[in-house]
Amino acid sequence: MMSTERLAHLLLALIWIWFCSAVGYADGLENGLARTPPMGWMPFERFQCTVDCVHYPRDCISESLFKRTADLLVSEGYAAMGFQYLIIDDCWMESFRDTITQKLLPDRERFPSGMAALSHYIHGRGLKFGIYHDVGRKTCMFGGPGALGHFQLDAQTFADWGADYVKLDGCYATGYERDTGYPAFGKAMNRTGRQMVYSCSWPFYKEKPDYRLIAKHCNLWRFATDIKDSYTSVFEIMELYRRNQQQLLAHAGPGRWNDPDMLVLGNFHLSYDASRLQLAIWSVIAAPLIMTNDLETVRPEIKQLLQNREIIAINQDLLGIPGRCVRTSKHFQVWLRPVTPVNDLGRHSFAVAFVNRGNFSHCPLCPRQFQVVLEHLGLDSPTGYYVVDLFKSSRHLGMFKPNDAFSTRINPEGVTFYKFTVAPLL
Ligand code: GLA
């Protein structure tokens with residue numbers, strides 16, 4: 001028999017759960033959002049903090065850039081593939097708050113229609129609207145007013161503008177201010193009653209991030225430095241993930257993701273093979289797929305990569321288990337992610353990426369053959385696996401058993417990427 005006291009506690013708990021879901025309130029992470037890694041577009045790596053619209057009208061951070069990108073996300077087919085969030089980064093605001101209301105103000109010249117109107121435009125295209133802010137005194141590059149001392153007001157301003165996503169940077173704050181500020185801003189967002197994805201740059205500013213705590217408060221978190229448009233930068237971030245993967249993996253899953261920063265595909269410096277590499281590894285580690293590029297000038301072959309249905313499906317896999325690097329050497333790496341379908345014996349399918357790092361003494365940048373017996377990678381389902389080359393969707397490679405050797409030829413500083421779909425029991 002349950003005591004009256006326990007019954008009262010149970011009732012209170014049920015009322016609280018009902019209340020939280022009714023008003024959309026949740027403590028940090030459990031806001032029900034980002035069940036799969038967010039996908040979208042953000043200007044920062046490509047457009048930086050260009051504010052001179054007189055000399056650079058196409059490149060400056062302005063409402064016309066975001067409207068143009070909203071249109072292109074839809075007309076070029078990205079939105080239909082899942083690239084939903086159009087996120088404004090730094091450099092959107094005036095360098096002062098409204099003197100009477102203390103509210104943040106969008107730059108009058110570059111955002112003449114105001115943020116509510118831009119948000120309305122973005123929503124009208126069927127997309128979601130994201131915005132950047134900083135937990136400290138000033139924003140990182142522009143030095144606009146930070147959120148410190150105005151958490152509730154700023155969260156409410158974003159909610160009133162119809163924001164669906166907030167990226168909160170961590171410049172110009174002490175460690176203590178960040179450690180208290182990130183949870184507090186998340187709570188302020190929840191108190192607005194508007195559902196907004198919460199992207200935190202918190203761990204990036206900490207020597208030893210407490211990912212358990214961060215995952216409690218944020219939907220995604222930047223764990224790496226700002227990405228650059230180069231293979232070296234992509235590989236450095238992969239290495240950072242690999243070296244910390246035990247911890248990074250432990251707390252990521254539906255609603256909470258490791259963010260290695262944006263996809264730099266479609267710009268100036270990444271080769272076709274390095275573009276494939278970034279896309280494959282970001283999909284294996286369940287990273288948000290946030291492009292930073294000029295959608296008007298993305299070359300057709302890169303657009304085709306960005307819209308590869310099978311690879312996006314790996315990134316968005318509903319099990320939400322992020323993958324890891326399972327083999328590394330001077331020349332090769334193997335990255336692997338458990339994905340659906342799962343067979344009757346509970347064995348997973350896998351997405352497997354094979355990386356050629358180059359570094360060979362003879363011809364360092366040549367294609368190379370890599371071979372491995374599948375069970376040595378942990379692919380040990382006795383039923384075997386049907387294998388498809390994810391970069392060539394029509395290419396079925398047939399059935400492989402755990403003791404079969406799998407061989408792949410990989411371009412330098414590039415990747416091959418396969419789905420091993422576990423066979424059902426007969
Ligand atoms: C930091 C962030 C970047 C970008 C800039 C803007 O460097 O890590 O992603 O938001 O600030 O100032």
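## Charges over rings

In this predicted model, the charged end of Lys138 sits over the ring of Tyr172, at 4.7 Å from the ring's centre.

Now let's turn to rings beside other rings. How many aromatic pairs does a search of the whole structure find? The search finds 28.

Take Phe354 and Phe370 as one example: their ring centres are 5.8 Å apart and their planes meet at 45°, so this pair is tilted. Phe354 belongs to strand β11 (residues 349-356) and Phe370 to strand β12 (residues 368-373), so the pair ties together parts that are 16 residues apart in sequence.

## Another tilted pair

Phe391 and Phe417 also form a tilted aromatic pair, with 6.3 Å from centre to centre and 50° between the planes. Where do they lie? Phe391 is in the loop between β13 (385-389) and β14 (396-400), while Phe417 is in strand β16 (residues 414-422), so this pair ties together parts that are 26 residues apart in sequence. Both Phe391 and Phe417 are buried.

## A cluster of rings

Ring pairs can also join up into a group. Here they link Phe332, Phe350, Phe354, Phe360, Phe370, Tyr385, Phe400, Phe406, Tyr418 and Phe420 into a cluster.

Technical notes
Residues numbered from 1 in each chain as written. Predicted model: local features only at pLDDT ≥ 70, side-chain atom pairs only at ≥ 80, totals over all residues. Heavy atoms only, no water. Phe/Tyr/Trp six-rings, centres within 6.5 Å; stacked < 30°, edge-to-face > 60°. Helix = DSSP H or I, 4+ residues; strand = E, 2+ residues; numbered from the N terminus. Buried < 20%, exposed > 50% of the residue type's maximum accessible area, 1.4 Å probe, protein only. Lys NZ or Arg CZ within 6 Å of the ring centre and 35° of its normal.
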